[in-house]
Amino acid sequence: MSPTVKKILRAIAAVTMVLGLGGGAYYFYYGRPPLVKVGIATLAPVSEFVYGSGIVEPVQWAKVVPVQRRRLVQMCRCEGSMVKQGQVLAQQDNAEETAQLKEMEAAHQQFIRDLDRANKDDKPKAEIEQRRTAVEQSSSRIAAQKSRIEGLVLRAPMDGLVLRRDSEVGEIVGPTDVLFWVGTPSPLQVVAEINEEDILHVALGQTALLTNEAFANQSMRATVSQITPKGDPTKKSFRVYLRLPTNTPLKIGMNVEVNIIFRETPSAIVVPNEAILDGAVQAVSDGKVKRIPVATGVRGTRATEVKGAISPGVTLLVPARKELADGRRVRTENVVSQVVPPPAAGPDSSGRPETSRDHIDQEIATSLSTHLNNIVSDARRDAR
C-alpha cells in the first residue's frame, strides 16, 4: 500500500472519529433530556387578608381645646403625669373679663340698693317690679360673665394620663388648637381605615396582624372590636376599631399596617408562584412532564394556594417551562421538600448563566470545521 493511500485512510479514520465526537457532542446537548429545576407541592396554612392602615390610640381619651381665643398665661408641666378630672391644666388671660365682672358686680349692688329703697319708700308696685327685674337681669349677666371667665381655665376632662402637651405660655390659642391629650394608658386600640370595597369582609371578632417598622421582627395581633356603620364618602373608607392586648409593645400615636384575616385554611396545597403557568402546573412523574390544570386561591409573595387534581408531595417544574410539552422526558436537578423561593432572575436555577442553543451550534460547527480542515490540509501536503 502506497504512503499516499495510507495517509488518505488515516484522514478518513480521523474524519470518522471527529464525526463520532461531533455526534456525541450533539447528543450531549440535544439528545439527552433537558435538566430542570423542580419543587414540591406542600400542605401549609393560608389566610386571606383585608389591608388597611391605622393609628394606635387609647380606648378612652379626650382633647383639651380652649373655647375662646386668648393668650396663655399658665400651662402645667404635667405631660406624662396622671391627673384628676377637673384639675387645672392651663389658664388663658382673663384680665378684660375680670374687669368687666367687677363693673357688673358694682352695678348689681346699686340695683339691689335701689330695690331696697323702693320697698322702704313704699313706691308703686310697678316701679318695685321694674327694679326687681333689673336686679335679676344683673345677676344673670354676672353669672354669664363668670362662666366666660371659667371657660378661660382649661381643666382635665377625665381621670387619666396627660399623653401630650402642646403650646407654651405667651401663645395666643383658640378653638382650633389642641393643648392637651388626656387618656387612660390602657387598654389601647388601633383606629384603622379600610377601603369600602373590602369592608364587607370585615366582622367583629376577627384577628388582625399588625406591622410597624420599629418592630420588624415581631408579630403583633389585635381583634376587631367595632366597625363604624357609616363610611366616609370622600375617602371611600370605613373606620374599624381593633382592640390591642394588654402586653402590646406599640405606643400611643404609632402608625401601623393592618391585615385583617377574614379566611383561614389550616391545610391547603401551595406551590411556588413560578410553578403556575397559564392556569396549570407541570408535574414530573417517572421522568416525564404532565400538565395539571389548577385554580388559584390565596397568592403570597412566594407561594400560591392551588386547587385541582394535585396532591401534596407532587414534584413540579419550578419555574414552569412552556416549551416542554406533555410527555417530554426531563432530568431533575434536585428535589426540595418544601416550597422554595423563586429562582433569581437572570441565571438559571443551577446558578450558571443560561447558554443559548445558537451559541452551542456555533461552537460545535466551528470545532468540526477547524479539525477537518487541518486533516485535509495535512493529507494534501503529504501527497505532494
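In which sense do β9 and β11 pair, and over how many bridges? In this predicted model, β9 and β11 pair in the antiparallel sense, and four bridges connect them.

- Four strands form an open sheet in the order β4-β11-β9-β6, and their pairing is antiparallel.
- Because β4 (61–64) and β6 (82–83) each have a single partner strand, they stand at the edges, and one side of each is left without a neighbour in the sheet.
- Strands of a sheet pair through backbone hydrogen bonds, and the pairing may be either parallel or antiparallel.

**The partners of β5**

- Strand β5, which covers residues 70–75, runs antiparallel to β10 and is joined to it by two bridges, with Arg71 standing opposite Ile172 in β10.
- Strand β7, residues 88–92, is also antiparallel to β5, and three bridges join these two strands; here Leu72 stands opposite Gln92 in β7.

- Most peptide bonds are trans, and most residues other than glycine have a negative phi.
- The bond joining Ser186 and Pro187 is cis, with omega at about -5°, and Pro187 is found in the loop that lies between β11 (180–183) and β12 (188–195).
- A cis peptide bond also joins Val318 and Pro319, where omega is about 5°; Pro319 belongs to the loop between β20 (315–317) and β21 (331–332).

- Ser167 is not a glycine, yet its phi is positive at about 75°, and its place in the chain is the loop between β9 (160–165) and β10 (172–173).
- Is Ser167 buried or exposed? Ser167 counts as buried because its relative accessibility is 18%, and the cut-off for that class is under 20%.
- Lys236, likewise not a glycine, has a positive phi of about 55°, and this residue sits in the loop between β14 (220–227) and β15 (237–243).

Notes: Residues numbered from 1 in each chain as written. Predicted model: local features only at pLDDT ≥ 70, side-chain atom pairs only at ≥ 80, totals over all residues. Heavy atoms only, no water. Buried < 20%, exposed > 50% of the residue type's maximum accessible area, 1.4 Å probe, protein only. Pairing = 2+ DSSP bridges.
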